[in-house]
Amino acid sequence: METGPSLHAIIDKKIAAQEFAYSGALKSKQGQNWNSTNLDKWLSKPAGFVPGNKMGFAGLDGRKDRNDLIAFLGTV
């Protein structure tokens with residue numbers, strides 16, 4: 001069972017562009033990229049960045065945690 005698309009080299013890739021069954025809400029962001037700003041918004045509060053998405057993740061409150069995760073995603 002897939003829980004999500006690969007996050008390998010996700011920085012600066014198009015949102016909802018990989019082969020995966022994305023929600024219609026997330027597909028509405030397809031013209032944008034996963035840059036540090038959009039990743040921060042998504043990781044902070046997915047439902048705020050993409051209202052109606054189906055992700056079962058409430059978000060990360062701590063800015064340092066989000067920055068560390070974004071930095072890590074830039075290395076894989």
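Q: Let's start with Asp40: buried or exposed?
A: Asp40 counts as buried, at 15% relative accessibility. Here buried means under 20% relative accessible area, exposed over 50%, and partly exposed in between, with a 1.4 Å probe and protein chains only.

Q: What sort of model is this, and how are things counted?
A: It's a predicted model, where local features need pLDDT of at least 70 and side-chain atom pairs count only at pLDDT 80 or more, while totals for chains, interfaces and linings use all residues. Residues are numbered from 1 along each chain as its sequence is written, and side-chain values use heavy atoms, with hydrogens and water left out.

Q: OK, which residues form a salt bridge with Asp40?
A: Arg63 does, with the closest N and O atoms 3.4 Å apart. Arg66 does too, and there the closest N and O atoms are 2.6 Å apart. The rule for a salt bridge is a side-chain nitrogen of Lys or Arg within 4 Å of a carboxyl oxygen of Asp or Glu.

Q: What does the pair of Arg66 and Asp40 tie together?
A: Arg66 lies in helix 4 and Asp40 in helix 2, so the pair ties together parts that are 26 residues apart in sequence. Helices are DSSP runs of H or I with at least four residues, numbered from the N terminus. Arg66 is buried, as is Asp40.

Q: How many salt bridges are there by this rule?
A: The count comes to 3.

Q: Lys64: buried or exposed?
A: Lys64 is exposed, with a relative accessible area of 60%. Asp68 is partly exposed, at 39%.

Q: And which residues end up in one network?
A: Asp40, Arg63 and Arg66, joined by salt bridges that share partners.

Q: Back to helix 2. Which of its residues are buried?
A: Asn38, Leu39, Asp40, Trp42 and Leu43. The buried residues of helix 2 pack against helix 1 (24–27), helix 3 and helix 4.

Q: What caps the N-terminal end of helix 2?
A: That's Asn35, with a side-chain oxygen 3.1 Å from the backbone nitrogen of Thr37. For such polar contacts the cut-off is a pair of N or O atoms within 3.5 Å; within protein, one must be able to donate a hydrogen and the other to accept it, and residues adjacent in sequence count only if both atoms are side-chain atoms.

Q: New topic: how much space lies in the largest pocket?
A: About 620 Å³. A pocket is found on a 1 Å grid over the protein atoms alone, as an open set of points where a 1.4 Å probe fits, with protein on both sides within 12 Å along at least five of seven lines; lining residues have an atom within 4 Å of a point. Grid points are joined across faces, edges and corners, and the volume is the space filled by probe spheres set on the points.

Q: What's the lining made of?
A: 25 residues line the largest pocket, and Gly4, Pro5, Leu26, Trp42 and Met55 lie nearest its centre. The lining divides into 18 nonpolar, 5 polar and 2 charged residues. Helix 2 gives the most to the lining, with 3 residues.

Q: You mentioned Leu26. Which residues does Leu26 touch?
A: Not counting residues up to four places away in sequence, Leu26 touches Ile15, Ala16, Trp42 and Val50. Contact here means heavy atoms within 4.5 Å. Leu26 is in helix 1 and counts as buried, at 10% relative accessibility.

Q: Last one: where does Asn53 lie?
A: Asn53 is in the loop between helix 3 (46–49) and helix 4 (63–73). Asn53 is buried, with a relative accessible area of 16%.

Q: Which backbone oxygens lie by a polar atom of the Asn53 side chain?
A: The backbone oxygen of Val50 lies 2.8 Å from a polar atom of that side chain, and the backbone oxygen of Pro46 lies 3.1 Å from one. Leaving aside neighbours within four places in sequence, Asn53 is in contact with Ser23, Ala25, Trp42, Pro46 and Ala47.

Notes
Helices (H or I, at least four residues) and strands (E, at least two) are DSSP runs, numbered from the N terminus. Ala, Val, Leu, Ile, Met, Phe, Trp, Tyr, Cys and Pro count as nonpolar, Asp, Glu, Lys and Arg as charged, and the others, Gly among them, as polar.
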